[in-house]
Amino acid sequence: MHIPPYYQRTEWKRFFAGLAFGAIIGYLFFLFIHGQLQEQYTKEHIELSSKLNEVEDKYEALLKNQQSGSDTKPLSVTDIKVAYTNAKKLEVDLLTQHQLTSMVKDQLSSIPGKDLVTVASQSDLIVTTIESKNYVVDDLSYELKVSKLIISEVIQFELEIKILR
């Protein structure tokens, strides 16, 4: 049995070249779509795991506060919210902002469940705690400065980001 020499005809050369080129283009398209989906899943995983950690910390703090057995119910801190004033100007991506927020909340994990009066009296200590640390995310070091602090049942921070080289 003899296989005809298709490699000598230009039409077949074009056909095989088109197959190879199309396979390469299709594989590159697959890699791009897969990368986009993987990035989306990673962001979602980080957000959900940080929310889970926050809820667990709040639960433990509230359990500890309940076990201390105070009969009167003074106002207590329930949540911490963080916003960044210059994130768009510095072009800090959402994933980095989210990681910085989780680091700040980890530092202040003992605050939820405490009396509002106690937290208000220690506001200078809270500001110093946030500003004194350098936060490292993806081999970049960030410094945060508190520009606004609102103490209520939900503590709200407005932070300025400074990138250290």
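Reader: Is Glu54 buried, exposed or partly exposed, and what is its relative accessible area?

Author: A word first: this model is predicted. Residues between the buried and exposed limits are called partly exposed, and the buried limit is under 20% relative accessible area. Glu54 has a relative accessible area of 22%, so Glu54 is partly exposed.

Reader: Where is Glu54 found?

Author: Glu54 is in helix α1. That helix covers residues 10–67.

Reader: Which residue forms a salt bridge with Glu54?

Author: Start with the rule. A salt bridge needs a side-chain nitrogen of Lys or Arg within 4 Å of a carboxyl oxygen of Asp or Glu. Here Lys105 is the partner of Glu54. Their closest N and O atoms are 3.2 Å apart. The pair links distant parts of the chain, with Lys105 in helix α3 and Glu54 in helix α1. The two residues are 51 residues apart.

Reader: Is Lys105 buried or exposed?

Author: Lys105 has 16% relative accessibility, so Lys105 counts as buried.

Reader: How far apart are the C-alpha atoms of Glu54 and Ser102?

Author: Those C-alpha atoms are separated by 8.6 Å. Along the chain, Glu54 and Ser102 are 48 residues apart.

Reader: How many salt bridges does the count come to?

Author: The count comes to four. One of them joins the side chains of Glu39 and Lys43, at 3.9 Å from N to O. Both residues lie in helix α1. They are four residues apart, which is about one turn of the helix.

Reader: Why does Glu39 count as partly exposed?

Author: Glu39 counts as partly exposed because its relative accessibility is 43%. Lys43 is partly exposed too, with a relative accessible area of 32%.

Reader: Which residue forms a salt bridge with Glu158?

Author: Lys148 does, with the closest N and O atoms 4.0 Å apart. Glu158 lies in strand β4 (residues 154–164) and Lys148 in strand β3 (residues 140–150), so this pair ties together parts that are 10 residues apart in sequence. Now read the accessibility. Glu158 has a relative accessible area of 30% and is partly exposed. Lys148, at 42%, counts as partly exposed.

Reader: Now pockets. How much space lies in the largest pocket?

Author: The general idea comes first. Rolling a probe the size of a water molecule over the atoms shows where empty space is left. In this structure, the largest pocket holds about 310 Å³ of space. It is lined by 17 residues. The closest to its centre are Glu47, Ser50, His98, Thr101 and Lys105.

Reader: Which elements give two or more residues to the lining of the largest pocket?

Author: They are α1, β1 (79–84) and α3 (94–107). Helix α3 gives the most, with seven residues.

Reader: How do the residues of that lining divide into nonpolar, polar and charged?

Author: Five are nonpolar, five are polar and seven are charged.

Reader: Which residues make the nonpolar surface patch of about 750 Å²?

Author: Look for nonpolar side chains that lie within 5 Å of each other, in residues with over 30% relative accessible area. Here the patch is made by Phe21, Ile24, Ile25, Tyr27, Leu28, Phe30 and Leu31.

Note on methods. Residues are numbered from 1 along each chain as its sequence is written. This is a predicted model: local features need pLDDT of at least 70, side-chain atom pairs count only at pLDDT 80 or more; totals for chains, interfaces and linings use all residues. Side-chain values use heavy atoms; hydrogens and water are left out. Patches are made of residues with over 30% relative accessible area and no salt bridge: like charges are joined within 9 Å, nonpolar side chains (Val, Leu, Ile, Met, Phe, Trp, Tyr) within 5 Å. Accessible areas come from the Shrake-Rupley method with a 1.4 Å probe; for residues, only the protein chains shown count as cover. On a 1 Å grid over the protein atoms alone, a cavity is a set of points where a 1.4 Å probe fits but cannot get out, and a pocket is an open set with protein on both sides within 12 Å along at least five of seven lines; lining residues have an atom within 4 Å of a point. Grid points are joined across faces, edges and corners, and a volume is the space filled by probe spheres set on the points. Ala, Val, Leu, Ile, Met, Phe, Trp, Tyr, Cys and Pro count as nonpolar, Asp, Glu, Lys and Arg as charged, and the others, Gly among them, as polar. Buried means under 20% relative accessible area, exposed over 50%, partly exposed in between (1.4 Å probe, protein chains only).
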